[in-house]
Amino acid sequence: MEAALEIAARYCRTEMEQYGQCVAASPASWQQDCHQLRVRMSRCASGHPIVQRIRQRCAEPFAAFERCLRENEAAVVKCSEHVNAFLLCADRVKVSA
């Protein structure tokens, strides 16, 4: 996952920063308020091979994490177990695989 975050940070810094600022500024409604920024960030990062492999191999834990976020919009800390499962999966994806 570090590789994917580094790629996103390197090539999609502006998009990541805008999305992060939006989420921080809208704790109760970030899901709706920040949707377009999330889409822009996702489009930016999605073309890189490591990101494509993570999306393919970690689709299930990521879907569970997203579902948790939708169900707990005002209390996203409840999703820490889900994000940890996704990050563990993503960390296992090899950059050169």
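So, the torsion about the S-S bond of Cys-12 and Cys-44 comes out at about -95°, which makes that disulfide left-handed. A disulfide here is a pair of cysteine sulfur atoms within 2.5 Å, and in this one the S to S distance is 2.0 Å. Cys-12 sits in the loop between H1 and helix H2 (13–25), and Cys-44 sits in helix H4 (residues 35–46), so the bond ties together parts that are 32 residues apart in sequence. Helices, by the way, are DSSP runs of H or I with at least four residues, strands are E runs with at least two, and both are numbered from the N terminus.

Before I go on, this is a predicted model: local features need pLDDT of at least 70, side-chain atom pairs count only at pLDDT 80 or more, and totals for chains, interfaces and linings use all residues. Residues are numbered from 1 along each chain as its sequence is written, and side-chain values use heavy atoms, with hydrogens and water left out.

pLDDT is the predictor's confidence in each residue, from 0 to 100. The chain averages 85, and 91% of the residues score at least 70. Where is confidence lowest? That's helix H1 (residues 2–11), with a mean of 68, while helix H3 (residues 30–33) has the highest, at 93. Where pLDDT is low, the predicted coordinates should not be read in detail.

Cys-12 is buried at 1%, whereas Cys-44 is partly exposed at 29%.

How many disulfides does the whole structure have? The search finds 4. Counting bonded cysteines along the chain, the pattern is 1-4, 2-3, 5-8, 6-7.

One of them is Cys-22 with Cys-34, sulfur atoms 2.0 Å apart. Cys-22 is in helix H2 and Cys-34 in the loop between H3 and H4, 12 residues apart, so to speak distant parts of the chain. The S-S torsion is about -95°, so this link is left-handed. Both cysteines, Cys-22 and Cys-34, are buried.

Then there's Cys-58 to Cys-89, S to S 2.1 Å. These two are 31 residues apart: Cys-58 in the loop between helix H5 (49–57) and helix H6 (59–71), Cys-89 in helix H7 (residues 80–91). With -90° about the S-S bond, the Cys-58 and Cys-89 link is left-handed. Cys-58 is buried at 1%, and Cys-89 is buried at 17%.

On to charges. A salt bridge means a side-chain nitrogen of Lys or Arg within 4 Å of a carboxyl oxygen of Asp or Glu, and the whole structure has 1. Which residues form it? Glu-66 and Arg-38, with the closest N and O atoms 2.0 Å apart. Glu-66 is in helix H6 and Arg-38 in helix H4, 28 residues apart. Glu-66 is buried at 19%, and Arg-38 is partly exposed at 27%.

Last, H4 itself. The expected span is 1.5 Å times one less than the number of residues. For the 12 residues of H4 that gives 16 Å, and the end C-alpha atoms are 16 Å apart, which agrees. Met-41, Ala-45 and Ser-46 are buried in H4. Down the axis, the buried residues of H4 fall within an arc of 120°, so they line one face of the helix; the arc is taken from the directions from the helix axis to the C-beta atoms. On the other side of H4, Gln-36 and Arg-43 are exposed.

Methods:
Buried < 20%, exposed > 50% of the residue type's maximum accessible area, 1.4 Å probe, protein only.
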